Amino acid sequence: MNEEKRDAKSVLRALQDRIAQDAWDAKNRGEKVGWCASNFPQEITTAMGIPVVYPENMGAAVGAKGGGRRMCEHAEGLGYSADLCSYARINFSYADWKECPELEIPFPDFLLCCNNICNCMIKWYENLALELDVPLILIDIPHLDGEACDEDRVKYIRAQFDDCIAQLEAITGKRMDYDRLTEVMAVSQRSSRAWLRAVGAMEHVPSPFSGFDIFNNMAVACVGRGTVEAAEAFELLAEEYEALAKEGKSSFKGEEKYRILFEGIACWANLRATYKGLQSRGINLTATVYGPAFSFLYQNLDELMAAYAQVPNCACFEHELELRVHDALKNKVDGAVFHMNRSCKNWSGKLYELERQFRVKTGVPTVIFDGDQSDPRCFSEAQYETRIQALTEIMEANKKEAR
Amino acid sequence: MEKPENLLAPFRALCRNPGAQLDKVLAEGKKAVGVLPYFCPEELVYAVGMRPFGLWGAELECASSGRYYPGFICSILHTTLEMGLRGMLDGLSAVMVPTCCDALKSFGPNWKYGVGAIPVIDAAWGQNRKTPAGEEFTRASFRRILGRLAELAGRRASDAALAEAIAVCNENRAALRAFTAAAAAHPEAVSPADRSAVLKAGFFLDRKEHTAMVRALTEALNALPESRWKGLRLVTTGILADSPALLDILGESGFAVMDDQVAQESVLFRRDVPVTEDPALGLARYLGQAEGCSVLYDPGKERGRELVRLARAAKADGVLWVMAKFCDPEEFDLVPVKRMLEDAGIPLLTVEADQQSASYEQARSALEAFAEMLRG
C-alpha cells in the first residue's frame, strides 16, 4: 500500500506524541516507568525496552504553553527558592499537584539521573526520590578538566553504566540483551549523524530553515534517538533541508538579512517574543550548540562513556568555546545573541568569558540578554528588543562597510 | 594556666587578616596553594611540603568579579575571584578547584582568564562516593593532583609523606572535636564568633601550629568551673557561618552554638581520614563517609537525619540555617531537611548570608523573634 509521503516536521511531531503515549500505555499496563535526565545514556533504557519520560522536556513544554509562572510560583510556595532552575520548580509542582493542564507525564517508579549537564540535576532528583519514594540511580560524569575524557573517567562511568543496568534489571524485571544494546548503539549513531546533517544544513546561505525550528525538533533527538523511527525522521528532515538549500529556498519567513549564533537554552515562556524580535529584523538563527548537544558519536562502549562526558556544559571551557567558534564560522554568522539564563548557573557562570572570547575569535558583534528557560518573570521584552536592535545596527554597519 | 580569653585573641586576629598570614608564609620562603571548598584534601598540599591556604571567600564588596560571574552566583566564588583579581592572593603557587557544584565549574576558566598567573588545579572527585568505582575514581584523581602539586613544589610526593600529612590533619580534627565539645560546655567563655574564629583559623595556619593552639585553649576551657550559663542552645547548618556581624548578633540575642553541621566547620572534622595502605585511598574513603553537606550526593538525605541527631544530642533549642545566598545545593536541601526537622519537632530559623553585603540587621530581628519564641 502506498502511503502518502509526510513531511519531516509532522513525522517528528507524531513520533514525539507516540513516544509519550507509549510511556502512558506502559504505565497503564503496569510496567515500570522512569523519569530520566535529558543527557542520561538513553542506550540503556532503549535497549532494555524500559519506558522513560523526561521532566526537562516537560518543563520546556509547560513553559512554552504558558504554565511556567504558575508552576514556578507554586514550587516557591513549597519552599523552593526562586533562584533555582525553573524546570526543577515546574517538576516539583507537578510532583505535588499531580496534575498539570499544559502537559502531564506518567509518574515514575524509579529515577535516572545524570549530572553531565549540571549538578543541579543531582539535588533535584534527590528531592524527587524522597518526595515520590522511588529509587534513584545516578550516573555521575565529572566535569572534564581537559580536552579528552581520560581513562579514569571512562572506567568510572563504565562501572556506573554496568551498575545501572543491574539495578534496572532488579527494579523492572527486564534483562539487558547485549546484542540489542549493540543495535541500539548503531541506531543512535545513525540518528545522531542524521541530526547533525539536518542541523548542518544551516551553513547554506540562506539557511534552508528557521533556526528556531531546532528548538521544536530537538525533543525527539533527546528522547528517541535510539529508535529507527527517529533515525528515519532525521534523515527525512536532512533531505528536506538539503533539497531546499539546493534550490536556494528557505522556510524562514522573509529575507534572511543577518545570520546569528544563539547561545543558550531557548526562553520557552517567551518564545514568540524572542523569535519575533529576530525574525522581524530579518535575523535567522544559523548556529546553536543544540546541534552537537544531542548527537553522541562513538564506536564502542568505552567511546560511548567518553561521548557522554563531552556534552556541552560537561566539556572543558576551551572545547566549549571552540565548538561555538567553529559553528559560527562554518555557518557564516554576522553576530551572536547570548542568553544569560537565570535558571542555569552552570551555563551562566562562564557566559561572560565565553562571549568575550567568542567575539574576539570570530570578530562578530555580540549581545547578552537576561532571561530564563521557563520562568517568564526573568525576561524583559524591552531589554531584549533594545539589545537585538543594537546588534542589528552593528551588523548592518558591518555589512555596509564590507560592501 | 592562661585564661581562655587570652588564648582566643590570636584566633580572632588571624581571621581578621588572613592575608597577613599568607604574606608571612611567603616571606619565609614557603610555597602556598589556595584551596577552595569543597573536599579538596589539604593533606595533598602538606605532603609535598607546601602550605594550604583556605579560600572560602571574604567579606568585601566586589568591583571586578562581575566581569566574570553574573550577580546570581554565590558570594564565596565572587569574593574569592575578586581577591584574585585584586592581587590579594598573589604569591600562591596554584588554586585547587573542585567542580562539585555548578558555579564552581566555571570558577576555573574565570580564574584562568581573569587572574592568569596562578594556575588552576582541577580537583575532581566522584559523587557516587560510596561505591568501589567512585572510591577508585576519587583515589586516582587525588593521586593525579598530588603529582601536579609535586611538580609545583619541585619535589617528589611519597606515600610516607602523604600518610604523615593525614596523621597531622587527623590530629587537628581530633583537637577540633575536643574544642567544640569544650566550647559547648562553656558558652560563657566562648562566644559564637570566638568558636567560628578558632575553627576558621585552621585554614590559614599550619595545622600542627593550629592543633597546639586549639589544645591549649581546650585545656583552659576544661579547667573552668562548671558553666552556669542559661542561654539558648543552637545547632547551626549551612555552608558558612563565619560572619562576625551575624555571630555577634547571635551572642547578643542569647544564643550559643552547641554543635554545627556547617561545611566549613564540623563537616570537615567530624570523622577522621581512614588510615589505609594506599593513603590516597583513605582520602577517597573519607569522602565516602562524609555526611551533612549539600554538595555531596545524598540520595536518602542523611543530612536531615544527622541534623536531627545532632540537635537532639546537643539538647538544642533550635537549628539555625545560615543560607548562603544563591547556593543551589543548599536551596534544594532546605525543603526536605526542613520537613525532617519539623517532623522531629525541632524549631528552625533560616537566615540568608551574603559576604558581599555583610549587614545583618534584618537577621537581628529574626533572631530576636526566634529567641523569644524559643523562650516561650
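Author: In this predicted model, the buried residues of α9(B) are B:Pro192, B:Ala193, B:Asp194, B:Arg195, B:Ser196, B:Ala197, B:Val198, B:Leu199, B:Lys200 and B:Ala201.

Reader: What makes helix α9 of chain B count as mostly covered?

Author: A residue is called buried when its relative accessible area is under 20%. In helix α9 (residues 192-201) of chain B, ten of the ten residues are buried, and the helix is accordingly described as mostly covered.

Reader: What covers the buried residues of α9(B)?

Author: The cover includes the helices α1 (4-16), α8 (159-185), α10 (207-222), α11 (244-252) and α12 (266-269) of chain B, together with the strand β6 (255-262).

Reader: Which residues of helix α4 of chain A are buried, and what puts them on the same side or on opposite sides of α4(A)?

Author: In α4 (residues 68-77) of chain A, the buried residues are A:Gly68, A:Met71, A:Cys72, A:His74 and A:Ala75. Around the axis they cover an arc of only 160°, so they lie on the same side of α4(A). An α-helix has 3.6 residues a turn, so residues three or four places apart point the same way. The cover over the buried residues of α4(A) includes α3 (55-64) and α5 (86-97) of chain A. After α4(A) comes A:Gly79, which has a positive phi near 115°.

Reader: What is the phi of A:Asp133, and what is that of A:Asn313?

Author: Most residues other than glycine have a negative phi. A:Asp133 is not a glycine, yet its phi is positive, near 55°. A:Asn313 is likewise not a glycine and has a positive phi of about 80°.

Reader: How do you know whether A:Asn313 is buried or exposed?

Author: The relative accessible area of A:Asn313 is 4%. Since the limit for a buried residue is under 20%, A:Asn313 is buried. A:Asn313 belongs to the loop between α13 (301-309) and α14 (317-330) of chain A.

Reader: What kind of peptide bond joins A:Val205 and A:Pro206, and what kind joins B:Pro37 and B:Tyr38?

Author: Most peptide bonds are trans. The bond between A:Val205 and A:Pro206 is cis, with omega about -5°. The bond between B:Pro37 and B:Tyr38 is also cis, with omega about 10°. As to location, A:Pro206 lies in the loop between α8 (178-200) and α9 (213-223) of chain A. B:Tyr38 lies in the loop between β1 (32-35) and α3 (42-47) of chain B.

Reader: How do you know whether chain B agrees with a compact globule?

Author: For 376 residues, a compact globule would have a radius of gyration near 21 Å; chain B has 20 Å, so the value agrees with that expectation. The C-alpha trace of chain B spans about 60 × 50 × 40 Å along its principal axes, and buried residues make up 63% of the 376 residues. Among the contacts in chain B with a separation of 6 or more, 74% join residues 24 or more positions apart.

Reader: Of what is the secondary structure of chain B made, and how far apart are the mean positions of its charges?

Author: Chain B has 16 helices and eight strands. The mean positions of its 43 positive and 49 negative charges are 3 Å apart. The accessible surface of chain B is about 13700 Å², with 50% of it belonging to carbon and sulfur atoms.

Key. Residues numbered from 1 in each chain as written. Chains lettered and ligands numbered in written order. Predicted model: local features only at pLDDT ≥ 70, side-chain atom pairs only at ≥ 80, totals over all residues. Heavy atoms only, no water. Helix = DSSP H or I, 4+ residues; strand = E, 2+ residues; numbered from the N terminus. Rg over C-alpha atoms; globule rule 2.2 N^0.38 Å. Buried < 20%, exposed > 50% of the residue type's maximum accessible area, 1.4 Å probe, protein only. Contact = heavy atoms within 4.5 Å. Areas by Shrake-Rupley, 256 points an atom, 1.4 Å probe, with all protein chains shown as cover. Lys, Arg positive; Asp, Glu negative; His and termini not counted. Charge placed at Lys NZ, Arg CZ, Asp CG, Glu CD. Arc of directions from axis to C-beta.
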